[in-house]
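Here is a short report on one protein model. Look at the sequence and the structure first, then read on.

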Amino acid sequence: MRSSVDKVLPKRPAAGALYGLTVIILLMGSFSLWANDQTQGDNAPPQGECELNDQQQEMLSQINEARSQARPCGDQQFEAAEPLAWSCKLEAAAKSHSQDMAENDYFSHTDPEGAGIEQRVGNQDYVWQAVGENIAAGHTSVSALVEGWLDSPGHCRNIMNDAFTEMGMAKAEDSESRYSTYWTQTLGNPR
């Protein structure tokens, strides 16, 4: 696993795919001015506004299967959690980040201009009380990706966190980038 880039890396990961550090932000109350200035909207878009592709449906199913069972994430034990619903707004935030990482050849929760998950979900008008993100690079299948996240304590904690009620995910590819495939899972709980 890699948590930062300290050296020049080969074009493709030599020993498997990479995972980003887990980012989780839980805000209860009024810690974020941009979130406080917004009114609660309907965070569940009308059915059909976005449709899950087969890969997204597979990930949602595997994540919900994982959440249905108690499990340890590192040294922390988690009870089974309720299944996540799909959010088109969180999917759009994930898609923008995966595409940006692929197109600009970087691997981080923060884009080159310093924007993080709060800005990405805010750009989608997602009004939240909890938001988190898992990223990975180099995986070619959902199964390998989810298995890797569940083996990583921080990613696993995000997946099992019962503060989250929704998710979106996206994968972007660029054969000219360092890792070719970039994945983002965005988790949230609307206000």
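Asn-158 sits in helix α6. Helices here are DSSP runs of H or I with at least four residues, strands are runs of E with at least two, and both are numbered from the N terminus. Asn-158 is buried, at a relative accessible area of 1%. Buried means under 20% relative accessible area, exposed means over 50%, and partly exposed is in between, with a 1.4 Å probe and protein chains only. A polar atom of the Asn-158 side chain lies 3.2 Å from the backbone oxygen of Glu-133. That is a polar contact: a pair of N or O atoms within 3.5 Å, where within protein one must be able to donate a hydrogen and the other to accept it, and residues adjacent in sequence count only if both atoms are side-chain atoms.

This is a predicted model with residues numbered from 1 along each chain as its sequence is written. Local features need pLDDT of at least 70, side-chain atom pairs count only at pLDDT 80 or more, totals for chains, interfaces and linings use all residues, and side-chain values use heavy atoms, with hydrogens and water left out.

How many of the 8 residues of helix α6 are buried? The count is 6 of the 8, over residues 153–160, so α6 is largely enclosed by the rest of the structure. The buried residues are Gly-154, His-155, Cys-156, Asn-158, Ile-159 and Met-160.

Helix α5 covers residues 142–151. The axes of α5 and α6 come within 5 Å and cross at roughly 105 degrees. That makes α5 roughly perpendicular to α6. Axes are lines fitted to C-alpha atoms, for helices over the stretch in contact, and angles run from 0 to 180 degrees between N-to-C directions. Angles of 65 to 115 degrees count as roughly perpendicular. From α5, the contact uses Trp-149, Leu-150 and Asp-151. From α6, it uses Pro-153, His-155, Cys-156 and Ile-159. Contact means heavy atoms within 4.5 Å.

Asp-162 is exposed, with a relative accessible area of 64%. Leaving aside neighbours within four places in sequence, Asp-162 is in contact with Arg-67 and Ala-81. Asp-162 and Arg-67 are 95 residues apart in sequence, yet their C-alpha atoms are 8.8 Å apart.

Arg-120 belongs to helix α4, residues 117–123. Is Arg-120 buried or exposed? Arg-120 is buried, at a relative accessible area of 7%. Its side chain reaches the backbone oxygen of His-109 at 2.8 Å. Beyond four places in sequence, Arg-120 touches Ala-93, Ser-96, His-97, His-109, Asp-111, Ala-115 and Glu-133. Glu-133 is also the residue whose backbone oxygen lies 3.2 Å from the Asn-158 side chain.

Asp-105 is in the loop between α3 (88–104) and α4. The side chain of Asp-105 reaches the backbone nitrogen of Arg-178 at 2.7 Å. Not counting residues up to four places away, Asp-105 touches Asp-100, Ser-177, Arg-178 and Tyr-182.

**Two positive phi values**

Most residues other than glycine have a negative phi. Ser-180, in the loop between β7 (166–173) and β8 (181–190), has a positive value, as does Asp-105.

| Residue | Phi | Relative accessible area |
|---|---|---|
| Asp-105 | near 55 degrees | 35%, partly exposed |
| Ser-180 | near 70 degrees | 15%, buried |

**The protein overall**

The protein has 6 helices and 8 strands. From the N terminus, the order is β-β-α-α-β-β-β-α-α-β-α-α-β-β. Buried residues make up 49% of the 191 residues. Among contacts with a separation of 6 or more, 77% join residues 24 or more positions apart.

**Confidence**

The mean pLDDT is 81, and 75% of residues reach 70 or more. pLDDT is the predictor's confidence in each residue, from 0 to 100. It stays under 50 over residues 1–17, where the model has 28 contacts beyond four places in sequence. Residues 21–48 also stay under 50, with 57 such contacts. Where pLDDT is low, the predicted coordinates should not be read in detail.

Notes
Parallel < 35°, antiparallel > 145°, perpendicular 65-115°, else oblique.
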